[in-house]
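The following questions and answers examine a single protein chain. Please consult the sequence and the coordinates while reading.

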Amino acid sequence: MSVACPIMRLEKAWKSWRGSSFKIDILQDINLSVYPGTFLAIVGPSGAGKSTLLHVLGMLTPLDSGALFFNERRVSSLKRWRDHDARREIGYVFQDAKLIANLNVIENVSVPLAHRGIWPRQQKRLAAEALERVGLKERMSHRPSQLSGGEIMRVAIARALVLRPRVLLADEPTGTLDSKTGEIIADLLMETVTQDRALVIVTHEESLARRAHRIITMKDGRFEPA
């Protein structure tokens, strides 16, 4: 039986924040492989480097040294990660959702499609399909201010899924929700894991982390021994 290749891989990854008189190593010699069909939870105390690691995987933050590979192709040497083709295969759910207040729900979900130059009629169809998948068919014309916290997070998940990414990254997706709503969002995120797609979550919620196939604990920019 053949072994699947990782979708994403970090090799000897380092990232520091620098000021005029200080340097803080946020990621220190990180090696990580993300395989299709898996759910990976990253846990640890605040300031451990969890969100920075997710930003690196999402190509939102470049490395100082080391390498990021996507489908075994090195992408971390690029000057502008955000222009790389691999970005369209990564969906990102931010902790605060980052919905655009003056757009309605279906318009918010259509934003990634518009950036890819997809025709408006197809944008609407694909966005509607994504919203139906997360149970928001009846909320498409609502503005973010008219939604509950759980509904806002579902819109964020739909927007992250609309381009059918191979990796879904989520930063504290249940952190601002009550326990019942958090369970609903956790169930929804679990459903996004397929044979061809991986899920990587940063979380402080033990109940969510326990559902993962693998848990990585970070401390001071490093992985703790399993």
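Q: Which residue does the side chain of Glu11 meet in a salt bridge?
A: The model is predicted: local features need pLDDT of at least 70, side-chain atom pairs count only at pLDDT 80 or more, and totals for chains, interfaces and linings use all residues. Residues are numbered from 1 along each chain as its sequence is written, and side-chain values use heavy atoms, with hydrogens and water left out. A salt bridge is a side-chain nitrogen of Lys or Arg within 4 Å of a carboxyl oxygen of Asp or Glu. With an N to O distance of 2.8 Å, the partner of Glu11 is Arg9.

Q: Why is Glu11 classed as partly exposed?
A: Buried means under 20% relative accessible area, exposed over 50%, and partly exposed in between (1.4 Å probe, protein chains only). Glu11 is partly exposed because its relative accessible area is 35%.

Q: Which residues are linked with Arg9 in a network of salt bridges?
A: Side chains of opposite charge can pair when their charged atoms come close. In the network of salt bridges, Arg9 is linked with Glu11 and Glu72.

Q: How many residues apart in sequence are the parts that Arg211 and Glu183 tie together?
A: Arg211 forms a salt bridge with Glu183, the closest N and O atoms being 3.7 Å apart. Arg211 lies in the loop between helix H6 (206-209) and strand E9 (214-219), and Glu183 in helix H5 (residues 179-191), so the pair ties together parts separated in sequence by 28 residues. Helices (H or I, at least four residues) and strands (E, at least two) are DSSP runs, numbered from the N terminus.

Q: What is the distance between the closest N and O atoms of Asp187 and Arg211?
A: Asp187 is partly exposed, with a relative accessible area of 34%, and Arg211 is partly exposed at 30%. In the salt bridge of Asp187 with Arg211, the closest N and O atoms lie apart by 2.7 Å.

Q: How many salt bridges does the structure hold?
A: Among them are the pair of Glu11 and Arg9 and the pair of Asp187 and Arg211. The number of salt bridges in the structure is 12.

Q: Which helix gives the most to the lining of the largest cavity?
A: A cavity is a set of points on a 1 Å grid over the protein atoms alone where a 1.4 Å probe fits but cannot get out, and lining residues have an atom within 4 Å of a point. The lining consists of Leu126, Glu129, Ala130, Arg133, Leu161, Val162 and Arg164. With four residues, the main contributor is helix H3 (residues 120-133).

Q: How much space lies in the largest cavity?
A: Grid points are joined across faces, edges and corners, and a volume is the space filled by probe spheres set on the points. The count comes to one cavity of 30 Å³ or more. The space in the largest cavity is about 40 Å³.

Q: How many of the eight residues of helix H1 are buried?
A: Helix H1 spans residues 50-57 and is mostly covered. Its buried residues are Lys50, Thr52, Leu53, Leu54, Val56 and Leu57.

Q: How far apart in space are Ser65 and Ser16?
A: Ser65 is found in strand E4 (residues 65-70). Ser65 and Ser16 are 49 residues apart in sequence, and their C-alpha to C-alpha distance is 9.7 Å.

Methods:
1 Å grid on protein atoms, 1.4 Å probe; cavity = no way out; pocket = protein on both sides within 12 Å on 5 of 7 lines; lining within 4 Å.
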